[in-house]
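Colleague: Please show me the structure, so that we may go through its chains in turn.

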Amino acid sequence: MVLTDSVNDPEQASGKRERELIASVQGGQRELFYELVRPYERRVYAAALAILRNQEDAEDAAQEAMLKAFANIRKFRAEARFSTWLIQITVNEALMRRRRGRTVVMEGIDNRHSGRGNEESEYAPRDFADWREIPSEALERKEVRQRLAEALATLDQKYRQVFVLRDVEHLNIQETAEALGISVASVKTRLLRARLMLRDLLAAGWEQGWFSRLPFEKGTKPW
Amino acid sequence: MGAGLVQPVAIREGDQAMVISCEQVWREISNYIDGELDATLRSAMEEHFQGCKRCASVLAGTQNVVKLYGDERMLEVPAGFSQRLEKRLEERLTPAVARKARPWSSWSAWLVPAAAMVLIAAAVLLMNSLTFRNFVKSQHAEPGNHVPPDLVVVVSDGSKLFHAPGCPFIHDKASERTMTAKEATREGYAPCTRCLRQYLKTGLSRGSGAESAIAEADDEREEVLDVAGH
């Protein structure tokens, strides 16, 4: 018989703490709000950046989204995930800023990568190098993270934002569709294309050894 | 790129199992990774990956993409982001909430009036102390703390000292007033170091304050002598 000790389960404990914090802030203890949102500040920023691309605009939108979340905290219902609710507010804020034209959006190079601009058309992978699993330790290297961020930044807006919400923020398909105000089918189509485009973009790096721990084979030296 | 690769559609031709093309695999590969396919299609894709290196490569690469970008370490924020966020929250939330809050609904809302009360109380205490403490008219003189409080002394206008009655160094005899040493001290007069020297012995030993009082008394004495024509 397996006993689950909820007290020792960090995930359950943090979930309980989060519910307590939400209730306290809703009850008027505004000084606890930063503690409540602090675990999500990176995700909020990433969501804003996916839509606005410009770092300064993304930071400003992320801050404003936090303030709006506070202003609407009483509307939050426990059946929703707080993180998802917060991300949705951030996406709304970023989309609104983009619509207002406060941000000059440099559209991506989707056409160059896909060869076709229409998202309904199919995307054919270009590279068929023999990929192996990339160890997650590769992400310890700033250079690798930088390469990944650059590849993501080259994607067209509509693919990038779906990809970020789904694969970076870990929203599900339905939540992504609701956050962006598009259909589930569109989310799936854009997500597929984003993943395949990124795969092609990163293939060059794979072949050049970006992701390997050492830039040369074990036992050999580059000099 | 094509050398050594299996053409999956050709391999599967004639089989009873569901056969799908590479294009179909690419179209569904994202749903495959997300586990959103029905069992039949999923099984067909797995069969396909077994025999098609190209599609197996596409799958491996796409799975890498999902895994790498899904890692927490990819969520980088600019330097100082957290501090700026916290500062903005403090700046914007505190006054906004204070304005909207019901009057005195929170304990912190009492801080301002409480601080005002403390300031008022401090001001009253200061006023009291200015009024009743041994305020010395001469900035140099020692207060007459050692003079018996009930001792009858004489003060006069234009002088900063109090004297024993009959002291030759009383400054303006026409304006003499008699009172107790305690009252004189309260009004800020310091003891004359000549006629009340006996009470200031201990004060002398305390240093410059008493010495200054002596100097001041000497100055007054010289003035008195001048007026008297000496």
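Modeller: From the N terminus on, chain A runs α-α-α-α-α-α-α-α-α-α. This is a predicted model, in which local features need pLDDT of at least 70 and side-chain atom pairs pLDDT 80 or more, while totals for chains, interfaces and linings use all residues. Residues are numbered from 1 along each chain as its sequence is written, and chains are lettered from A and ligands numbered from 1 in the order in which they are written.

Colleague: How many helices and strands does chain A have?

Modeller: Helices (H or I, at least four residues) and strands (E, at least two) are DSSP runs, numbered from the N terminus. For chain A the count is 10 helices and 0 strands.

Colleague: Which element gives the largest share of the side of chain B that touches chain A?

Modeller: Contact requires C-beta atoms, placed from the backbone, within 7 Å. By this criterion, 35 residues of chain B are in contact with 41 residues of chain A. Two or more residues on that side of chain B come from each of α2 (22-33), α4 (53-69) and α5 (81-100). The largest share, 11 residues, is that of α4(B).

Colleague: Which residues of α3(B) does α2(B) meet?

Modeller: The axes (lines fitted to C-alpha atoms, for helices over the stretch in contact, with angles from 0 to 180 degrees between N-to-C directions) of α2(B) and α3(B), residues 39-51, come within 11 Å and cross at roughly 115 degrees. From α2(B), the residues taking part are Val25(B), Glu28(B) and Tyr32(B). In α3(B) they meet Leu41(B), Arg42(B), Met45(B) and His48(B).

Methods
Contact = placed C-beta atoms within 7 Å.
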